[in-house]
Amino acid sequence: MKPSPFSARAVITGTLLSICLACGALYGNMVIRGSYMALDFSAAGALFLFFLLVGVLNVAAHWMNPAFALRRDELIVVYIMLIVASALPTMGLSEYLVTIISGAQYYATPENEWATLIHPYLPDWIGPRSETAVKWFYEGAPKGSGIPWQAWARPLAYWCVPIASLYLVMISSMVILRRQWVENERLIFPIVQLPIEMTRSVGDGRSLPQFFRNPVMWAGFAVPVIVSTLQGLHAYYNFIPGGQLLTTLPIFRNTQSLIFRLSFPMVGFSFLINLDIAFSLWFFNLVAKCQRGIMGVLGITSTEKLMYGAFSEPILAHQGQGAMVVLVLFGLWVGREHFGRVLRKAWNGDPSINDSDEILSYRAATLSFLGGGLALIGWLWATGLPLWAAFFTYLVAILIFVGLTRIVVESGVAAAVGPMIAASVVTSAVGSSVLGPPGMVGMAYTFVWGADIRTFVMASAAHGLKLTEHLGAGHVRPGGPQNSVAGRSMRPLFWILVLVIVVTIAASTFTILVLSYRYGGLNLNDWFYGGGTRAPFNYAADNLNTPTTPNLWGWLNTLIGAGVMSLLMLARHHCLWWPLHPTGYPIAAIWLMDELWFSIFIAWLLKLFAMKYGGPALFSRARPFFLGLILGQFVIAGLWLIVDYFTSMTDNRVFWI
């Protein structure tokens with residue numbers, strides 16, 4: 001029998017690296033203020049640490065004694081832990097959690113009237129109550145004062161309830177969806193192709209994996225390394241030219257700007273996806289840009305105020321949200337046979353349905369999904385939302401999470417958000433006057449986990465479950481024989497995910513509090529301690545100062561987006577010649593796609609030429625080059641953070657998206 005991939009040394013290694021990632025990513029964006037390494041689905045910090053582990057530490061261990069080196073399946077377990085950990089320290093949770101739950105107290109002024117609009121409706125347990133503790137958090141504690149842990153203990157303990165509930169829902173939903181996405185629809189999961197290749201020949205008797213002996217990969221690796229090195233050196237010596245990877249072109253009478261940004265990782269990820277998906281991503285973004293321009297020239301606009309996503313044009317945001325709803329519902333319809341089997345297995349334990357290769361049984365996953373959802377709805381109700389609004393908000397949030405996860409695993413868009421956030425959808429649909437002051441204040445606290453969702457545990461869990469194919473689990477199709485390959489079970493992975501979530505949240509929260517009281521949050525990161533903290537309460541205050549009714553124009557545009565998406569879906573499934581993949585439409589108008597469309601276009605064009613003039617053979621030979629583009633950018637960004645740490649340099653950002 002083969003040894004288990006869930007060995008003690010693999011779990012310990014993954015736990016230690018997850019702690020390093022949590023603390024390092026926060027120190028990097030708060031003190032050094034350099035490249036963001038845990039901001040997006042790309043999991044830059046995870047890949048940087050994994051590169052050091054696979055390409056340096058594991059090679060050294062193999063050289064000393066082959067028995068010391070981690071096997072391929074153990075390395076994959078470590079990477080699964082790292083991508084889950086990557087979703088937690090910054091935008092995924094911790095950096096918003098600690099700042100937002102204290103922001104309503106600190107940023108209240110006579111001008112914004114939060115003291116009368118928001119403070120009376122704050123639950124006593126939702127944030128620290130000590131004015132001194134909050135003041136020191138943002139401005140720094142006097143020397144020798146220490147950290148007032150007692151002020152934070154109670155609210156953070158209460159926040160464990162929605163966090164645990166949300167992540168239980170996210171993981172269990174991916175268990176339910178894994179077989180449909182991985183085995184039935186065969187989505188390609190571009191973001192995990194790099195770690196798969198990095199570990200492919202580990203354990204074949206050679207100390208250095210084949211991936212690291214490929215000169216084509218190193219050629220791609222060198223491109224971002226050279227460009228980013230020039231950028232990094234420019235911060236130290238201004239006579240060294242920094243690489244310029246961004247320019248803009250004003251269009252539509254200067255009402256819009258066309259952004260040309262070259263992102264090496266996005267070029268790499270986009271080269272791995274299907275041509276029709278890549279085409280739809282940049283094409284629909286340009287269509288959305290033209291829509292904005294035409295509406296700007298004609299004076300067509302909406303006075304509605306939205307947050308995040310496609311906030312700059314509410315009309316397109318609602319259309320994108322309608323498309324997102326159809327994307328998720330259509331996916332459920334396509335997978336109805338699989339979901340029927342899941343329910344039969346969960347309800348009566350149908351022995352003909354196999355779930356032995358999942359990290360949770362279908363019964364446990366279904367109960368976890370339902371139980372976690374009820375707990376989260378109860379939490380939303382306790383924060384001030386009416387019960388029906390709590391259910392509506394939860395339903396919309398999960399729909400957005402599932403839809404965005406589907407887009408990421410299918411299209412490889414490593415930096416994306418949904419077209420709208422749950423708070424905006426619900427407030428627009430029913431009006432703030434219906435929710436009332438307690439409801440709007442409760443809605444503000446959903447921004448901790450459901451607003452700026454550039455990364456979250458559901459997407460990390462989806463990628464992690466895809467990687468279990470490479471653990472020798474012997475996945476079988478529904479109705480097939482019971483899994484008995486090497487007697488190996490995937491069940492321990494669930495508890496490993498729980499472990500890494502707990503450890504990463506604890507380490508990141510501890511790091512944030514220590515750094516905040518040492519330096520003062522206002523001296524650290526402008527967004528997380530400033531605009532990102534004020535945004536939820538500004539949104540609530542605006543809607544309370546000017547109560548709104550149901551936005552019928554929003555409902556209409558949501559239906560228009562849903563109708564267009566339905567036609568795209570039908571055309572895709574019934575017309576073989578149809579060139580537009582529907583995946584690009586829901587996120588066409590988000591601001592991140594405005595930044596990334598050009599990189600996706602470059603990758604699409606290069607792959608089009610490769611497939612036309614060289615076929616699959618040329619694509620296979622070129623593939624390592626584009627994987628090198630991804631790895632090179634993340635490695636050099638991590639190395640510059642280390643250099644800047646030792647030199648005390650700040651604001652030397654060589655990588656963003």
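Predicted model: local features only at pLDDT ≥ 70, side-chain atom pairs only at ≥ 80, totals over all residues.
**H1 and H20.** H1 covers residues 8-32 and H20 covers residues 491-519. Their axes cross at roughly 30 degrees. Angles under 35 degrees count as roughly parallel, so H1 and H20 are roughly parallel to each other. I noted that the axes come within 9 Å. The crossing is right-handed.

I then listed the contact. On H1 I found Val11, Thr15, Ser18, Ile19, Ala22, Cys23, Leu26, Tyr27, Met30 and Val31. They meet residues of H20 including Ile496, Leu499, Val503, Ala507, Thr511, Leu515 and Tyr519. I sorted the residues of this contact by class: 16 are nonpolar, six are polar and none is charged.

**H7 and H13.** Next I took H7 (residues 149-184) and H13 (residues 336-348). Their axes come within 10 Å and cross at roughly 145 degrees. H7 passes H13 in a right-handed crossing. From H7, the contact uses Ile176, Leu177, Arg179, Gln180 and Asn184. From H13, I have His338, Phe339, Arg341 and Val342. By class, I get four nonpolar, three polar and two charged residues.

**Leu627.** I placed Leu627 in helix H24, residues 615-647. Is Leu627 buried or exposed? Its relative accessible area is 2%. Buried means under 20%, so Leu627 is buried. I left aside neighbours within four places in sequence and checked its contacts: Leu194, Glu197, Phe211 and Leu272. I also checked Leu627 against Val134. They are 493 residues apart in sequence. In space, their C-alpha atoms are 45 Å apart.

Technical notes. Residues numbered from 1 in each chain as written. Heavy atoms only, no water. Axes fitted to C-alpha atoms, helices over the stretch in contact; angles between N-to-C directions. Helix = DSSP H or I, 4+ residues; strand = E, 2+ residues; numbered from the N terminus. Left-handed = near helix turned anticlockwise from the far one by under 90°. Contact = heavy atoms within 4.5 Å. Nonpolar A, V, L, I, M, F, W, Y, C, P; charged D, E, K, R; others polar. Buried < 20%, exposed > 50% of the residue type's maximum accessible area, 1.4 Å probe, protein only. Parallel < 35°, antiparallel > 145°, perpendicular 65-115°, else oblique.
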